[in-house]
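Subject: Structure handover

Hello,

The structure we discussed is below, followed by what was found in it. Please read the notes with the coordinates open.

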Amino acid sequence: MATDDQLNNPPQPPPPAPSLPHYPEMIMAAIDSLNDKNGVSKSAITKQIESTYGDLPPAFTTLLTHHLDVMKQTGQLLFIKNNYMKPDPNAPPKRGRGRPPKPKVPLPPGTVVSPPRPRGRPPKPKDPFAPISQPKKKTTSGSGRPRGRPPKYPKPAPTSAPPVAGPPRGRGRPPKVKPAVAPVGC
């Protein structure tokens with residue numbers, strides 16, 4: 001049985017780990033402290049952070065790799081020859097893929113911008129001088145039949161036809177009948 005002391009004081013959860021700074025801040029601090037002109041490897045960044053902050057969560061290496069990748073993609077870090085380094089502040093910004101867009105010329109003030117053209121082929125212009133015509137009636141072609149494939153009607157059930165006398169017909173084409181030859185002679 002549980003004692004009154006155990007009922008009143010449930011077991012306390014373990015104390016939370018000391019709060020660490022955000023990963024990008026730790027990464028930048030490690031790169032600054034190592035200060036190598038050729039960049040810093042991931043293992044060197046890991047060792048520097050472990051020595052600085054001591055007790056780290058179990059998923060530290062996974063989180064560090066993720067944040068290094070994110071910082072590399074956003075341009076906060078450069079990745080050259082398996083080393084991470086800060087980008088040069090005087091360097092021109094990295095250009096994206098593809099052809100850059102044309103620079104837009106500023107319009108003078110007071111100019112009205114027309115809406116962009118609609119997609120697709122423009123309609124034919126209507127002649128203002130053409131006589132007003134009545135809407136066309138449907139004309140039938142010369143054969144008198146409607147256009148298109150005729151509808152498929154179900155076949156009517158065959159009526160009882162008198163059976164054909166004789167043996168049933170075999171499959172395939174029947175053999176050619178040879179005319180009877182009259183005897184030639186005397």
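A salt bridge is counted here when a side-chain nitrogen of Lys or Arg lies within 4 Å of a carboxyl oxygen of Asp or Glu. The model is predicted, and by that rule it has two salt bridges.

One of them joins Lys-86 to Asp-32, with 2.7 Å between the closest N and O atoms. Asp-32 belongs to helix H2 (residues 23-34) and Lys-86 to the segment after strand S2 (83-85), so this pair ties together parts that are 54 residues apart in sequence. Both ends are partly exposed: the relative accessible area is 36% for Lys-86 and 44% for Asp-32.

Asp-69 and Lys-72 form a salt bridge as well, at 3.9 Å from N to O. These two residues sit three apart in helix H4 (residues 60-74), a separation of about one helical turn. An α-helix has 3.6 residues a turn, so residues three or four places apart point the same way. Asp-69 is partly exposed at 31% relative accessibility, and Lys-72 is partly exposed at 30%.

Next, helix H4 itself. With 15 residues, H4 spans 21 Å from its first C-alpha to its last, close to the 21 Å expected at 1.5 Å a residue. Its buried residues include Phe-60, Leu-64, Leu-68 and Met-71. These four cover an arc of only 70° around the axis, which puts them on the same side of H4. Thr-62, Gln-73 and Thr-74, on the other side of H4, are exposed. The cover over the buried residues of H4 includes H2, helix H3 (42-53) and S2. Just after H4 comes Gly-75, with a positive phi of about 90°.

In soluble globular proteins, nonpolar side chains tend to be buried together. The largest nonpolar core in this model has 15 residues, and those touching the most other members are Ile-27, Ile-31, Ile-45, Ile-49, Leu-64, Leu-68 and Leu-77. H2, H3 and H4 each contribute at least two residues to this core, and H2 gives the most, with five.

Which residues does Ile-31 touch, not counting those up to four places away in sequence? They are Val-40, Ile-45, Leu-77, Tyr-84 and Lys-86.

Regards

Definitions and conventions:
Residues are numbered from 1 along each chain as its sequence is written. This is a predicted model: local features need pLDDT of at least 70, side-chain atom pairs count only at pLDDT 80 or more; totals for chains, interfaces and linings use all residues. Side-chain values use heavy atoms; hydrogens and water are left out. Buried means under 20% relative accessible area, exposed over 50%, partly exposed in between (1.4 Å probe, protein chains only). The expected span of a helix is 1.5 Å times one less than its number of residues. The arc is that of the directions from the helix axis to the C-beta atoms. Contact means heavy atoms within 4.5 Å. A nonpolar core is a set of buried Ala, Val, Leu, Ile, Met, Phe, Trp, Tyr and Cys residues joined through side-chain atoms within 4.5 Å.
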